[in-house]
Structure formats: C-alpha cells, structure tokens
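My entries follow the structure.

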Number of protein chains: 2
Amino acid sequence: MTFQGYAATAPDRPLEPFEYDPGPLPPDEVEIDVDYCGMCHSDLSMALNEWGISSYPFIPGHEVVGRVAALGELVTHLKIGQKVGLGWRARSCMVCPQCMTGNHHRCKNGSDTIVGRHGGFANKVRCQGPWAIPLPETVDPAKMGPMFCGGITVFNPLVLSNLSPMASVAVVGIGGLGHMALQFANAWGCEVTAFSTSPDKEAEAKQMGAHHFLNSRDEEALASAAGSFDLVLVAVNVMLNWDAYVGLLKPGGRLHIVGAIPKFEAAWFPLLASELTIGGSPIGPPALASQMLSFCGRHQVAPLVEEIPMSKVNDALEHLKSGKARYRIVLKNDF
Amino acid sequence: MTFQGYAATAPDRPLEPFEYDPGPLPPDEVEIDVDYCGMCHSDLSMALNEWGISSYPFIPGHEVVGRVAALGELVTHLKIGQKVGLGWRARSCMVCPQCMTGNHHRCKNGSDTIVGRHGGFANKVRCQGPWAIPLPETVDPAKMGPMFCGGITVFNPLVLSNLSPMASVAVVGIGGLGHMALQFANAWGCEVTAFSTSPDKEAEAKQMGAHHFLNSRDEEALASAAGSFDLVLVAVNVMLNWDAYVGLLKPGGRLHIVGAIPKFEAAWFPLLASELTIGGSPIGPPALASQMLSFCGRHQVAPLVEEIPMSKVNDALEHLKSGKARYRIVLKNDF
C-alpha cells in the first residue's frame, strides 16, 4: 500500500504529487484518512528548510482532521472511523518525567509530524495513538484542523497563566493564531483587547471577541494602555519594543510570548518592582487538546478558514506567503 | 520630643549623630522603639544617592526589630510594648486594587521606610500600623531584622513559584539574601543546590541547608547541571550569562531574579520550547511576612548575623562595603 501526498523535493521547489510506502503500521500508532489539513507558517519554514531539520522529499501538514483508518495492535482506545485530529507532535516517549506528568508536549524524546516523518498534505498520515485527539460531535471537522497547532498554542497560555475570567487580556497580532486567541479569551470570560498593526482588522477583531482594538503602531495609544493588562499574549514572531510591552502589564501580570522571536531583552527593574512574569510555551499537552475541543464546542470557537482543495496546494502556499490569508488556510483532501 | 539617629548629611559623608522632631504621630501610624536594625546594601545605595531619590540628612535602616512605643488613634490591632518588625515599606494606600487584594507591596502610592522618611539607624522609627509586623514568640528578635527586607525578598519567590516540596531549587549567590534562601528552600522540603563564586562558602552553605554546592565560575559544572532545576532563584544583582541560567531549568521551570540587574537578555527559543517562566519580585506583602515569621519559628530559620553596636555604624558600613560580612550585619541600639 502506498500513501499519496504533495512533497517538496528540495527547498526551492513547489510541491509535487508524491507516493511513498509507509511500511508496516507500528503497534502503537494509528493511521488516519486525512479529510482536512490546515496550513501553518511552520509548514512553509520546514519546506524551505529554514530550521535546517527538513529531509526531502518533504510532505508538509500538521493540522490534520480525519478518520481512523487503521489501528496498531496496542491501540485500543480508538475505533476505526472515529474522527480525530493531529497536530505538530506525532509521538512522545510516554515514560520520561514530562510524559509521566501529563506534559507530553515537553518530551525531549518525541517526534514531530513533519520532522523525519511525512505530514498531512496527503491522503493518509500516521501518529502514535495518544496524539490522535478524538473530535467531539460539537465541533465542525472542516474547521478544526488549525486547532491542533495554532489553536492549542494560544489556548495553553491561558491555562499556564492560571487566567481568571475577571482578567484583562491583550492579544498582540491578529493573524492565524491571534484570531483564535481573541475567541478563546472572550469565551474565557475576560476583557479582551486586540493589538494589530492593521487598523482594517478592527471590525473583524471585534466580531471575534475583542472588546477593544489598539493599533500597535500608534505609540500614544500604546503608552496610554500602560498598566492595563493581567496577560499580554504575543502571537507574532517579530521583535517588539519589549520594554513597552512589559509596561502594559498590571502589577503581578504576565507577558506570554508564543512567537519564535530570536531573543527577549528588557530592563529588569520594572519587572522586579511590579512582580511580573515572562513566559513562553510551545503547543500544549494532548489532554489539554481534548479539553480545548470541548471548550470550542461549548463556546462555538472556531478559526475563520479559507478552504482550498489539496490539489491546489501550491496556490495555497502562495496565498499564505502573501500574508493575505484570513485567517487560516485549510486544505480539503481531493485525492 | 526628638528622635535620635545616625544620618548622612551628603552622599560622600560618614554617618553622624542626628536629632530630629518627627512631629505629631499620624493617626494610622505606630512608633517603634528600635532594638535592632539590619544593614542592607540598599542602605548604602541610598546613603550614596545612587538611585537619585535620597534626601539629606538621611537616616538609613529598614530592617527594624523593636517594640511598639506609641499608637496612632486609628491603630487598634497592636499593643504598646508588643514586639514588631519593619522592613523596606512603611506605608501603602490601602485602597488601590493591589492593596485591596493583599498585595500592598505592589502599591504605587505607598512610601518606603528610608525614602522621604527617616529610617531605623535610630532610637525610634515610625510606620503605618499594618506594616509593623508582630513577631511570634518562637523567633529571636536579635536576629529577625534582616527577615523584613532580605528575608521576605527570597521567601516570596517560593510562594510566587507555587513551589512544591518535591522540587529541585538552585540558589545563586550565597550572601545576605542567598544564605536565607538556602534555609527557606531546605525547610520547604526541596532539594537545594547553592551556587557561589566563593568555593570557601561550601561548608557553610551546606550547614545552611544546601544539599549540593556548585562553583558558578566552573563552566563545566554549570553545563553539567543543565536541565536540573524547577526553580533557579538569583539573589545577586550582577549580569550573568542568562542563557546558561535558563539552560539550568527543567521543562516547566522558573528563573526568578530578585537582584536589581540592569536588564535581562536571553535567546527565546529555549524558553518557548521548554515552557519556561522568568519572574522578578520586590520584597513581599505584609500578610506573607507574618506567615514567613511563623515558618521561621517552626523551622529555626534565621540569618547568620554579625551584631555591632549602633554607635559603630560607620565601621559596620565599611565592613558591609568590604563584602566580608557573613552574612548579615545587625546594629544593636545603644543610644
């Protein structure tokens, strides 16, 4: 049996149809019939080998929604045909202290869906059983793909911050991640402010749950918001004036950065004097992904997606590169 | 009535005997007969006007232990003669959101014991009622002065970190603050490692509760400790190789810096990938100071002090400047 996908054969090449033999199904893995696969900036970075860890031919795709097609002999908690999602992580060791305490996403001995493995821009994909997250009936499978990478990335910080529904939250960057963060923070019960360099996103940001909108290029507006937030969630991966963003926090507040910025640099005294915290996080644990999906169903949280047939994957990649996707591209399998 | 103290008349002057009239006792304040007063580096910085906020004549001293000598008419929860301590903070507004949620130390409208006020290198000192912290019978008043600034500064991070007794803690810098942090972390139930640039402190550090000692100038030792700690508590105020200290943390760990370093700078990816937190804090709230004192009594935690008569204050300051004080100087009132 072969899997069919779209692969880059080198960093500078468009994706091409590609078939591969996945070999026997490992006993602790499941095989998923891909229905949808979200498109994340990491897919592009990996296709271009920007992080130096890509191997070719390379099939991107790590925001999968599909149905269980086959079960390894050790996987007993899923059923054939069950709807599941798969994100950035495909395996973890299950025995290290992190795995054993429910923090499988921090496991140093895991593997990722598109690192040394073939991803979800394909008709089928595989992962370790616990990383195939069952979808509740309350969510729309066509939209949930982006939840498994971008969604959990902005949901986890709310938990890590021990965020109260009475808190005031700023979401910095209203793109693929930020537009989900606005919805989550609103559904969490918080007062939500969207920070964006695109003033034309104000109306949409407010539809997504922002109570306030702030143009982050407006230094006066930024200064007037000083001391206003319990949590500032940064969902961009560019360097900002971190001193100014630290200054946005209330005493005891937290600046949480999920973007892969090169470094963090700020004067220490304001952090010390106001008892502030700076945190970062990558995706989240699988148990939390399940809770996130229930939360999405209960609160009608879903990304705004542009659905594109998987056969048009190169057009979709160009659209992603253009920065005009609003807000997340999802490929629909048309193999 | 006049108060007698030791004051600097200018930044470059030794302290001199100085008398002042404190005026009528404000209705919400208490007057304390000073028995002991610890000596903190901040006293020196303020005497030298290093922070540009000193006013002269300037009486240092903000680690006071004494007895209530007089009560303002609104202060009903203390008794004349009761043993109390006073630290860096002398007042807070009591009505802002921080005060109203028990975080009086974060109040922006408070005042500090030696900023615009005369401190505790004197026979008497005053503060707002709630900032005079009653001493339990279980602690030795002669040693408790340093608890009210240095002690609470390193105790509060254990609480802010939500530290488990099962955690592994590094204390960086075994001086006035660090030697108290070792005792606290040990009594908290943790596995404790002392980091010091002075290998000759190893035996003492272990007496104070360190299970392990690491020479922080030994880069090999530092590298071999990578990924070992849930909490790294930095009690020095010099710039370190922050990337290396971030690298000491286990996934999910916290680097907490109580030193007034100029800035913090580190590569972000390790922080993000391992879900780390960086925090800072100043002293702590008065309610926590009371809990800290009970904890000290229960666990026999106390600073190692060199007791010097207050009349020898200039000798004591020289000793502090020399960096040879082990580990905290306490002046005994001999007015």
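I am working with a predicted model, where local features need pLDDT of at least 70, side-chain atom pairs count only at pLDDT 80 or more, and totals for chains, interfaces and linings use all residues. Residues are numbered from 1 along each chain as written, chains are lettered from A and ligands numbered from 1 in written order, and side-chain values use heavy atoms, without hydrogens and water.

Entry 1, helix length. I checked H10(A), residues 286-299. Helices are DSSP runs of H or I with at least four residues, strands are E runs of at least two, and both are numbered from the N terminus. At 1.5 Å times one less than the residue count, the 14 residues of H10(A) should span 20 Å, and the end C-alpha atoms are 20 Å apart, so the two agree. Just after H10(A), A:Gln300 has a positive phi of about 55 degrees.

I listed the buried residues (under 20% relative accessible area, 1.4 Å probe, protein chains only). In H10(A) they include A:Leu288, A:Met292 and A:Phe295. The buried residues of H10(A) pack against S9, H3, H4 and H5 of chain A, with contact meaning heavy atoms within 4.5 Å.

The axes of H4(A) and H10(A), lines fitted to C-alpha atoms over the stretch in contact, come within 10 Å and cross at roughly 95 degrees. That makes H4(A) roughly perpendicular to H10(A) (65 to 115 degrees). On H4(A), the contact includes A:Ile152 and A:Phe155.

I found 34 residues of chain B in contact with 34 of chain A.

Note on methods
Axes fitted to C-alpha atoms, helices over the stretch in contact; angles between N-to-C directions. Parallel < 35°, antiparallel > 145°, perpendicular 65-115°, else oblique. Buried < 20%, exposed > 50% of the residue type's maximum accessible area, 1.4 Å probe, protein only.
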